[in-house]
Amino acid sequence: MRLKDKVVILTGASSGMGRAGALRFAEEGAKVVAVARRKERLEELVEASKNLSGQIYAIAGDVSKDEAINRIVKETIDKFGRIDVLVNNAGILDDYLSADNMTDEIWNKVLDVNLTGPMKLIRSVIKYMIEQGSGNIINIASIGGLYGARGGMAYVTSKHGMLGMTKHIGYMFQDKGIRCNAIAPGSVKTEIGDTVGNPNKAVLDKLMTGLQILPISGEAEDIANIMVFLASDESKFINGATIVADGGWTAF
């Protein structure tokens with residue numbers, strides 16, 4: 001088992017890449033603190049992990065809220081005594097809004113979940129990683145963090161910010177035994193589209209022109225496998241990097 005007894009906090013664990021990642025970590029022997037807003041989905045995830053080598057411990061919470069972040073970290077330390085891996089996976093789309101129709105409400109909501117929440121979680125866990133002399137942070141970004149037309153303005157901005165944060169943390173804390181890397185998925189079959197309320201058709205139509213060169217959509221398990229690789233010692237020389245997993249979409 002590649003991650004036996006490693007303590008992993010993973011957000012956005014109720015569906016898609018987060019759910020697949022939680023199960024893969026548990027298969028590899030990890031103790032997974034699975035975080036999401038939907039308690040019933042987390043209960044289903046815990047049940048699905050019953051016969052795996054590791055274990056999944058569920059905490060319902062919204063990573064855009066300070067109270068939830070503080071509770072997640074405290075419960076993890078109280079129960080397991082350490083934090084080895086943090087996976088910032090929770091994320092939402094905007095309504096495919098551009099600069100001329102962006103609202104404060106959508107902007108703040110997307111940035112809070114996709115960028116500020118991950119920053120606050122990192123800020124909370126990194127002191128324990130420094131004390132341990134080891135730690136591993138994995139940020140789930142997007143090819144929207146590399147290119148400008150892979151989402152609305154708020155989403156693209158949040159994912160660009162996440163990649164910059166990844167590089168900064170990877171360099172600043174490498175001497176403390178802490179690594180930080182990002183995964184930039186392309187089109188993956190998940191439920192993230194459900195976070196779109198009222199999409200702006202004019203913007204969406206422009207963005208969809210790029211789908212003409214989309215070679216293939218990935219499965220959540222494809223990204224989960226990369227999470228496990230980055231969390232393991234097999235990737236110990238990878239730090240401050242972004243792994244693009246898009247089936248060749250951005251190779252065109």
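Helix H7 spans residues 220-231 (helices are DSSP runs of H or I of at least four residues, strands runs of E of at least two, both numbered from the N terminus). Its 12 residues reach 17 Å from the first C-alpha to the last, close to the 16 Å expected at 1.5 Å a residue, where the expected span is 1.5 Å times one less than the number of residues. The model is predicted: local features need pLDDT of at least 70, side-chain atom pairs count only at pLDDT 80 or more, and totals for chains, interfaces and linings use all residues. Residues are numbered from 1 along each chain as its sequence is written, and side-chain values use heavy atoms, with hydrogens and water left out.

**Packing of H7**
- The buried residues of H7 are Ala220, Ile223, Ala224, Ile226, Met227, Val228, Leu230 and Ala231 (buried means under 20% relative accessible area, exposed over 50%, partly exposed in between, with a 1.4 Å probe and protein chains only).
- These buried residues pack against helix H1 (16-27) and against strands S1 (7-11), S4 (85-88), S5 (135-140), S6 (178-185) and S7 (242-245) (contact means heavy atoms within 4.5 Å).

**Burial of S1**
- In S1, five of five residues are buried.
- Val7, Ile9 and Thr11 lie on one side of S1, Val8 and Leu10 on the other, and both faces are covered.
- In a regular strand the side chains alternate between the two faces of the sheet.

**Pairing of S1**
- S1 runs parallel to strand S2 (residues 31-36), joined by five bridges (two strands pair if DSSP finds at least two bridges between them).
- Thr11 has Val35 as its bridge partner in S2.
- S1 also runs parallel to S4, joined by three bridges, and Ile9 stands opposite Leu86 there.
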